[in-house]
Amino acid sequence: GNNSIALDTSANVYLVWNSFPIPNGGIIVESLTSDGLNRSGFPVVLSGGEAGNNNAFSRLVEDVTGNTIVAWTDFLNGSNKNITSLNPVGAVRAGWPNKLSSTPPALIGDIFALRGIAVNVLGDVYALAESFPGTSNAANTTDVWLTSFNSSGAVRSGYPKILGSEFSDEP
């Protein structure tokens, strides 16, 4: 799916979705109080409105300090993988946004699908993704990989990691 929901420790609700129509879809982040009231600083439009823009695979998660980590794939320029962090009032935090440029070199050129993100108590962010066969992947395999960023948006040492491969019949 292309939507995600998360809660913070103050019972606020965070939502991310892909607005349509394609080809001008965008990534929208909304935050509501537990009573359903819109929170100040939201909604935030992270990507969209450009001709040919086709965003997908959006995910979000809250860290222990109330920051919202949002990741998505933007197909405008060939499967760009994006990740950013918003503070509790909806502003992009210093050091973010960040392309998921830590993609394993063997996977560049394939089609990517973000499958999930998580954050630990230290604020380290993990992104799980798959690469489907593209022009650089004649073996028709799907590679599953994990990357990680510290709380400031820098790629952590030892990442990304290719976790495995499997035969794929998806485009």
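Biologist: This model is predicted. Does phenylalanine 42 count as buried or exposed?

Modeller: The cut-off for buried is under 20% relative accessible area. Phenylalanine 42 counts as buried because its relative accessibility is 8%. Tyrosine 14, at 0%, counts as buried too.

Biologist: How many aromatic pairs are there, and how is such a pair described?

Modeller: In general, two values are given: the distance of the ring centres and the angle of the planes. This structure holds two aromatic pairs. In one, the rings of tyrosine 14 and phenylalanine 42 have centres 6.0 Å apart and planes at 75 degrees, so the pair is edge-to-face. Tyrosine 14 belongs to strand β2 and phenylalanine 42 to the loop between β3 and β4, so the pair ties together parts 28 residues apart in sequence.

Biologist: What are the distance and angle for tyrosine 126 and tyrosine 159?

Modeller: Their ring centres are 6.1 Å apart and the planes stand at 75 degrees, so this pair is also edge-to-face. Tyrosine 126 is in strand β10, while tyrosine 159 is in the loop between β11 (141-149) and β12 (161-167), so parts 33 residues apart in sequence are tied together. Tyrosine 126 is partly exposed, with a relative accessible area of 21%. Over the face of tyrosine 159 lies lysine 161, at 5.5 Å from the ring centre.

Biologist: What is the strand order in the open sheet of four strands?

Modeller: Strands of a sheet pair through backbone hydrogen bonds, either parallel or antiparallel. Here the order is β1-β2-β3-β4, with antiparallel pairing. β1 and β4 (44-47) are the edge strands, each pairing on one side only. Four bridges join β1 to β2 (residues 13-18), with isoleucine 5 opposite leucine 15. Between β2 and β3 (residues 27-32) there are six bridges, and valine 16 stands opposite valine 29.

Biologist: Which residues of β1 are on its covered face, and which on the uncovered one?

Modeller: In a regular strand the side chains alternate between the two faces of the sheet. In β1 (residues 4-7), Ser4 and Ala6 are on the covered face, Ile5 and Leu7 on the uncovered one. The hairpin of β1 and β2 has five residues between the strands, and alanine 11 in the turn has a positive phi of about 70 degrees.

Biologist: Which residues have the most contacts inside the largest nonpolar core?

Modeller: They are Ile69, Ile83, Leu114, Ile117 and Val125, in a core of 13 residues. β5 (55-62), β6 (68-74), β9 (111-119) and β10 (125-132) each supply at least two of its residues. Apart from this core lies another, of eleven residues, including Tyr14, Val29, Val44 and Leu60.

Conventions:
Residues are numbered from 1 along each chain as its sequence is written. This is a predicted model: local features need pLDDT of at least 70, side-chain atom pairs count only at pLDDT 80 or more; totals for chains, interfaces and linings use all residues. Side-chain values use heavy atoms; hydrogens and water are left out. Buried means under 20% relative accessible area, exposed over 50%, partly exposed in between (1.4 Å probe, protein chains only). Two strands pair if DSSP finds at least two bridges between them. A nonpolar core is a set of buried Ala, Val, Leu, Ile, Met, Phe, Trp, Tyr and Cys residues joined through side-chain atoms within 4.5 Å. Rings of Phe, Tyr and Trp (its six-membered ring) pair if their centres lie within 6.5 Å; planes under 30 degrees apart count as stacked, over 60 as edge-to-face and the rest as tilted. A charge sits over a ring if NZ of Lys or CZ of Arg is within 6 Å of the ring centre and within 35 degrees of the ring normal.
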